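Hi,

Here is the structure I promised to pass on. Please open it and keep it beside this email while you read.

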Amino acid sequence: MSAQTQAGAATAPAPVAPLLRLRGLTKSFGAVQAMRGADLDVAAGEVVALVGDNGAGKSTLIKAVTGVQPADGGTIEMDGVPVSIKAPQDSAALGISAVYQDLALCDNLDVVANLFLGQESQRNGKVLDEIAMEKESRRLLDRLAVKTLRSVRSEVGALSGGQRQTVAIARSMLGDPKLVILDEPTAALGVSQTAQVLELVKRLRSEGIGVIIISHNLADVFQVADRIVVLRLGAVTGEWTAAPENRQAVVGAITGADIENGDEVTP
Amino acid sequence: MSTAPASPAPAFGPGDDTKEEHHRPSLADAGRKLLEGEMGSLRVIIVLAIIWTIFALANDRFLTAVNLSNLALQIAAVGTISVGVVLVLLLGEIDLSVGAVSGLAASVMAVLSVKNGWNPYLAIIAALGVGMAIGIFQGTMSTRLVIPSFVVTLAGLLMWQGAQLKVLGDTGTVNLSEPAITNIAGTFLAPWVGWLVAIAAIVGIVGSALLNLQRRRAAGLEAESMLGLIIRTGAATVAIIVAVVVLNSDRGVPLALTILVGIVVVMNFVLTKTRFGRHIYAVGGDAEAARRAGVRVAALRTTVFALASTFAALGGIIAASRLLAVNQSSGGSDLLLLSIAGPVVAGVSLFGGRGTVWAALLGALVIGSISNGMDLLALQSSVKFMVTGGVLLLAVSLDAVARQRRQARGRA
C-alpha cells in the first residue's frame, strides 16, 4: 500500500487503516463497463487528485462513493470498517460529503438555506432554527476565511461563479465530514477565484480532512494534491506524488501513451 | 438588547465581481423588486385595489358589507383548493385533478350521509380520506414511474369525474340538509367571537415579529428595521380590523373564511418554518440538488400530492355546504382553472420554487372579485370568461417577464 505522500501532509502511521479504502469497484451501464475494478486509498489530511481522460470513470467512481449511483461490486471501507453505500444519505452518515461539478445548489434559496439543505437545525422539536443556522453559516465562512460573500441571506442564484463554488465547498464542510470530494472545483473559474478555491482545499487538509479532488487542470492538481491517481478505462493505472518531475508520467498515463514511468502502481 | 453590528465581512475578495447586496432599500429598489416578482404579495394587493376601485366606481353595491360577505363565502371553497395547488406549484409540478377530486369527495360525503345515513362527521372524514388516497395514488404513480404529473393528474381528472357520476348514481343530485354539513358555510361568527379571533391574529402577528426581531438582535444578526416592521405588521393589523368591521356589520365573519385563513396561516408556517416546507422550495428550485442534499424527493412529492388532493376534497365539502347540494357538475366547469389561476395571478411561479401560500387567499380574492363584480354588472358569461382569461394571461406574462429579468441579472 503505503503510497509516498508529500512532506507536510499529515501522514497516518502505517498500521492504521486509511480513511477510505476502495477495492475492486465495478459499475456497468447496460453493456458499457464504466468501472472495472477500481482501487483507491485516501488518508486523513491527504489531498488525492483523481485524474483521467473523459470517460475514464472518475465521476462514476465518486458517484459510487457518495451513493448517488451505487457501485455494482467491490468493497468500500471507512477507517478499516466495511460499509455499504446505497444512497446519498448513507455516505453523509459516514462523514463523506461531495461538491459536484454542477454545484447542486438551489438558486431560489439563500446562502444559509443552501448550506443547511438536508441537515437543517431545528428547535422546539420541528421548527427551523434560522438564527442558529445563520450564526453557524457565518462561523463556517469565517473559518474558511471566505471574504467574498457580503450577506448570507442573498439568494444563491444572484451570486457569481466563485461565490457559488465557495458556498458549495462550505456546504460540504457542515457536520464536520471526514472526507470531502470535489468534482472539478475550478473548471468554471477565473484565475483569482481558482486561487481562492485551492486555498480553501489546503485549509480542508490542514484540518485533517481527507480530500479527493477531480480535475482536468494538471496545474491545479500539482499545486494542491499530495498524491495523483490516474484512472483509465475504468481502472486505476498508476499513482504518483505531486512532484513536478512526475508531470510527464502523469500525462502519459492519462493518455495511455506510456505508463512505465509510474513509480508505483497500486496492487 | 443591544443593536449588534451588521454583516462582519464587508471586504471584497480579490477580483471577485461581488454584487451590491446590502444597501438600504430605496423606492427604485422596491419598484425593481415588484417587476421581478419578489414582492408578489404586494403586487397582487395593488392589482386587487385596482380591481376593487373599478368595480366600486361601476357599481355602488360592490363595496357594501353584504356583497363583501358574499365574496368571502364565494372564495372560501376555491381558496381552500388553491392552497393545495400552491404546494404543488411550488414543487414545479401541476395537479389538474383538484376540481374533479373536490367533486368526487363532495359526492362521497353527500351519498354516505344522505343515502347511507352515516354520521355526517364520519362522512366528512371519509370524503377527506378519499381525497388523500387519490393524492397518494397520483403522487406514487407520478414519482415511482416517473410520469409527468401533468399526465397523471389529467388521467385522474377524467377518472374521478367518472367516479363522481358513478357515486351519485341515477338521481344525479343529492340535497344536503344535515346541519353538521350545511353549517360549514352557513355559520357566521358572533361579533365578539370575530373580534376575539382578530385580536388573537393581531397579537400573533405583532408578537412573532417582535420576538423574531429580539432574537436576531440578541444573536448579533442583522434585523429588520423597526420602520419596516411597523409598516408590515401595521398594514396587516389594519387589514384584519377593517375586514372584521365590514363583515360584522353584515352577518359576521363567515366560518368558512375563518377556516380558509386558518389553513393558510398553518400552511404558511409549515412552508417557512419547517424542514418539510424548506424542502418543498428546494425541490421546486432544483430537484437534483435537493436529492443530492439528502432530501427524499419522491416521498416529498407524494406527500404534497396527498395534501393537495386532501385540500381539494375539503374545498369540495365547503362548496357543497354552501350550495346545500351535490350534483353531477360539482367540481366541474371552471373550478379547476380558477383554483390554479388564483395562485398564479398572485405570484406563485409555474416554474416552481417561488411564491407563498398567501397567494391562495389573495389569488382567490382577485379572481373572486372579478367574477363577483361582473355578476353585479350583470355581464354575460362570455364576457366573464374572456376577462378572467385575460387577467390570468396578464399575470402569467408578468411571471415570465419577472423570470427573464432575474435571468438577465444572472439569477435563474
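**Two helices in chain B**

Start with a contact between two helices: Val270(B), Leu271(B), Thr272(B) and Lys273(B) in α10(B) touch Phe276(B), Gly277(B) and Ile280(B) in α11(B). Sorted by class, this contact has 4 nonpolar, 2 polar and 1 charged residues. One caution before going on: this is a predicted model.

Helix α10 of chain B covers residues 255–273, and helix α11 of chain B covers residues 275–285. Their axes come within 5 Å and cross at roughly 75°. Angles from 65 to 115 degrees count as roughly perpendicular, so α10(B) is roughly perpendicular to α11(B).

**Domains of chain B**

Now zoom out. Chain B is divided into two parts: domain 1 (41–49 + 58–186 + 275–408) and domain 2 (188–253). The centres of domain 1 of chain B and domain 2 of chain B are 27 Å apart, taken over C-alpha atoms. Each domain gives 5 residues to the contact between them. On the side of domain 1 of chain B that touches domain 2 of chain B, 4 residues are nonpolar, 1 is polar and none is charged.

**Strands in chain A**

Next, look at strand β1 of chain A, residues 20–29. Which strands does it pair with? One is β4(A), residues 73–78, which is antiparallel to β1(A) over 5 bridges. There, Leu20(A) sits opposite Met78(A). Another is β2(A), residues 32–42, also antiparallel, joined to β1(A) by 8 bridges. Here Thr26(A) faces Arg36(A). β1(A) and β2(A) make a hairpin, with 2 residues between them. In its turn, Gly30(A) has a positive phi of about 65°.

Best wishes

Notes. Residues are numbered from 1 along each chain as its sequence is written. Chains are lettered from A and ligands numbered from 1 in the order in which they are written. This is a predicted model: local features need pLDDT of at least 70, side-chain atom pairs count only at pLDDT 80 or more; totals for chains, interfaces and linings use all residues. Domain bounds come from an automatic or database domain assignment. Two residues are in contact if their C-beta atoms, placed from the backbone, lie within 7 Å. Ala, Val, Leu, Ile, Met, Phe, Trp, Tyr, Cys and Pro count as nonpolar, Asp, Glu, Lys and Arg as charged, and the others, Gly among them, as polar. Axes are lines fitted to C-alpha atoms, for helices over the stretch in contact, and angles run from 0 to 180 degrees between N-to-C directions. Helices (H or I, at least four residues) and strands (E, at least two) are DSSP runs, numbered from the N terminus. Angles under 35 degrees count as roughly parallel, over 145 as roughly antiparallel, 65 to 115 as roughly perpendicular and the rest as oblique. Two strands pair if DSSP finds at least two bridges between them.
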